[in-house]
Amino acid sequence: MKITIDQKELKNSLRVIQGLNNDKGMAVLDHFILSSNGNNEIIATDLTTSIREGFEAVSVDDNGTIGIPRKKLYEIVNQLEGNVTLESADKNYITVRS
């Protein structure tokens, strides 16, 4: 997957899912799903509440779906400016470029 998103657009979408709680102690709930398969969206849940947030991508070079730690990416995106490119390097890594 390779997708480019405006930093402000991505930051706003990530801000929406930051309020979800992980009081269940399950590590998977600290992640969200980024999907660029037709509809560009971020999906997150805390098992009680689910959020599906759409966003506009600048470009989608390769469709796909990937799970990303929501707090970590939010912290990184807050430090960036301009367009942000997210590219899955393999099944376990993602590259963030700005």
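Let me begin with L47, which is exposed, its relative accessible area being 54%. By exposed I mean over 50% relative accessible area, by buried under 20%, and by partly exposed anything in between, with a 1.4 Å probe and protein chains only. L47 sits in the loop between β3 and β4; helices (H or I, at least four residues) and strands (E, at least two) are DSSP runs, numbered from the N terminus. Together with M26 and V28, L47 makes a nonpolar surface patch of about 290 Å². Such patches consist of residues with over 30% relative accessible area and no salt bridge, where like charges are joined within 9 Å and nonpolar side chains (Val, Leu, Ile, Met, Phe, Trp, Tyr) within 5 Å. The areas come from the Shrake-Rupley method with a 1.4 Å probe, and for residues only the protein chains shown count as cover.

Please note that this is a predicted model, in which local features need pLDDT of at least 70 and side-chain atom pairs count only at pLDDT 80 or more, while totals for chains, interfaces and linings use all residues. Residues are numbered from 1 along each chain as its sequence is written, and side-chain values use heavy atoms, with hydrogens and water left out.

I turn now to the sheet. It is open, and its 4 strands follow the order β4-β3-β2-β6 with antiparallel pairing; two strands pair if DSSP finds at least two bridges between them. At the edges are β4 and β6 (65–69), each pairing on one side only. Strand β2 (residues 31–37) and β6 are joined over 5 bridges, and I33 has G67 in β6 as its bridge partner.

How many salt bridges does a search of the whole structure find? The search gives 2, a salt bridge being a side-chain nitrogen of Lys or Arg within 4 Å of a carboxyl oxygen of Asp or Glu. In one of them, E41 pairs with R52, with the closest N and O atoms 3.6 Å apart. E41 belongs to strand β3 (residues 39–45) and R52 to strand β4 (residues 50–54), 11 residues apart. E41 is buried at 14% relative accessible area, whereas R52 is exposed at 59%.

R97 forms a salt bridge with E87, the closest N and O atoms being 3.5 Å apart. Because R97 lies in strand β8 (residues 94–97) and E87 in strand β7 (residues 83–88), this pair ties together parts 10 residues apart in sequence. R97 is partly exposed, at 46%, and E87 is partly exposed, at 26%.
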